[in-house]
Amino acid sequence: MSVKKKFKGLSDKAVGWLFIGPTVLLLLAINIYPLVYAIKMSFTNFYANKIGREPQFVGLKNYIKVLNKEAIWEKMQVTASFMFWTLLLQAIIGLGLALLLNRKFKGNELLTTLIVLPMMLSPAVVGVFWTYLYNPQVGLFNYVVNFFYDLGSFDMIGSSTLAPWAIVIVDTWMWTPFTMLICLAGLRSVPNYLYEAAEVDRASKWQQFIYITLPSVLPFLLLALLFRGIENFKMFDMVVELTSGGPGSATELASINLKREAFEKWKTGYSSAFAVILFVTIFGFGNVYVKVMNKIKER
Amino acid sequence: MDTSRSYLEPSSFSKKMAAAIIIVYAVITLIPISWMVMTSFKNVDSAISYPPEVLFEPSLEGYVNLFTNRSRQSQEYLDSLPPPENWYEELVRSREMVITGPSKFLGRYSNSMIIGFGSTFASVFLGALAAYAFSRFRVPLKDDLLFFILSTRMFPPIAVAVPIFIMYRKLGLGDTHLGMIILYTVVNLSLAVWLLKGFMDEIPKEYEEAAMIDGYSRLQAFFKVVLPQAMTGIAATAIFCMIFSWNEYAFAVLLTQFNAQTAPPFIPTIIGEGGLDWPAIGAGTTLFLLPVMIFTIILRKHLLRGITFGAVRK
């Protein structure tokens, strides 16, 4: 302590609290308080559009209602299959692109920057302009597909079998660069001497890939998928603008359904219970995933 | 053995193959974006022609429609008007319409600017303070606090939107610039703290210690020594925060309507006669995406760090 006293001004401890305080307070006010409030509301029959009415405590009724509603399980299934296909495609294509980019040919930095562009764009605006590309009468996407394989007229957004693929394609287009960038970092972190040793031991290129490259890049790939998984579980903006959950409820992801219950039907108590369930799900899965990821890293 | 080249270096043939595949991918992935930019320079008819027109006569109709409100008039009425004063009036008249006033686009765009810059400044400023403290001081429960800050990013925005909506209504912050600035500041804080902590960890402690021995207080050392050193990191972080606020949609669509609405919820509502006005949407999209593309090019060295909250640095 006496060492620090020789400097003038506030003590380090005071500066520390002064610096961290505002951030923590803001997060408590705008993030934690609303969350606690949501948990509280989830036990009531509150309707946010009926201001005068006093909400009543209903216990676990909202939770039971959510979990017993068949439609909710349908939304969860839509969300799960959206996540499965987007993560799978982004893992494969992203890793593939990273392996190619890792060959360090001329101009690869410029190409990386160009490839990354889609993921920096506004998802809602991306959703809007893909409705134009998918337009069954004038869309470029439909034209290109018909150019290579004559399907005749088809409607990516209007058909309930195609619409889930429409959102998978756009999400993959937008976010593959994300896995690519992170995998690329993984590839570049592999020390050269490992390959040198393998060459000396006459390991084939394929063996080098399986025993050196893949294990080193795997933790990075898993990290990328964790980020994407959380984001796609919350997915809202792009899909709302692209299909608005339709046709029917073919692409109605959990958070789109949540928005409908909360901001169109104003069932605040019920939707809060649903929100809490979603939050617990994402947190639970996230935690398990991180544990598995760390196990793999340790190996 | 050929010693001029390490056997680890890929052969020039495999490099060429890799380059070819990557170029094809880059071209395909850029088609949707280029198509939108091209559409913004089409006229309304050419935007809905089939097969899609790759070569077309450029027109500024999309941009004129984006910035104006128009109404259809009879030919007699148009004939009775004095001749058009400028090129855009002429263009609108040729469609048998007259300009009735400016559209809301400029207002929405400037809302995006105000809210974007305001929240970026606030989150980078607060984030830099917190990051410095986490980087240099022994803070009780440091790891828990840092994880708590990160975990706020996992909330689905819709889950907290209702309480925020109610809270903002009570406080009079609903549909205001200030309300949105506060909200985006909070959402961005987690990113700002994590990224900036990484950047500050890289600045040697000795710099500010030397300054403090020379008689600076801790605060002076922070503002006069550490902040200037961290400028690159701060700039990169600021651009990331700006891009987030710029692109954000869920809160904007739920919490704003007239006064503080930003561009993302507005662009999809640009409607012409008989459906969406594609050249105008293309124009709005182009103007909206342009800053982000420029930012991305500036950021390219820090992209990886930004998108992983500093988890991957190389």
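1. Let's start with the contact between the chains: chain A puts in 80 residues and chain B puts in 80 residues, where being in contact means that the C-beta atoms of two residues, placed from the backbone, lie within 7 Å. On the side of chain A that touches chain B, helix H2 (residues 12-41) of chain A gives the largest share, 15 residues. That side of chain A has 56 nonpolar, 14 polar and ten charged residues. For the classes, Ala, Val, Leu, Ile, Met, Phe, Trp, Tyr, Cys and Pro count as nonpolar, Asp, Glu, Lys and Arg as charged, and the others, Gly among them, as polar.

2. Before going on, a word on the ground rules. This is a predicted model, with local features needing pLDDT of at least 70 and side-chain atom pairs counted only at pLDDT 80 or more, while totals for chains, interfaces and linings use all residues. Residues are numbered from 1 along each chain as its sequence is written, and chains are lettered from A and ligands numbered from 1 in the order in which they are written. Helices (H or I, at least four residues) and strands (E, at least two) are DSSP runs, numbered from the N terminus.

3. Now a helix pair in chain B. The axes of H6 (residues 105-136) of chain B and H9 (residues 177-201) of chain B come within 6 Å and cross at roughly 40°; axes here are lines fitted to C-alpha atoms, for helices over the stretch in contact, and angles run from 0 to 180 degrees between N-to-C directions. H6(B) and H9(B) are therefore oblique to each other (under 35 degrees is roughly parallel, over 145 roughly antiparallel, 65 to 115 roughly perpendicular, the rest oblique). Their contact residues divide into 18 nonpolar, nine polar and two charged.

4. On to the strands of chain B. E1 (residues 68-72) of chain B and E2(B) pair in the antiparallel sense over five bridges, pairing being at least two DSSP bridges between two strands. B:Thr68 stands opposite B:Pro102, and B:Asn69 faces B:Gly101. The number of buried residues is zero among the five of E1(B), so E1(B) lies largely in the open.

5. Last, B:Lys205, which sits in helix H10 (residues 205-213) of chain B. B:Lys205 has 12 C-beta neighbours inside 10 Å, so this residue counts as exposed (buried takes 20 or more other C-beta atoms within 10 Å, exposed 12 or fewer, partly exposed in between, with C-beta atoms placed from the backbone).
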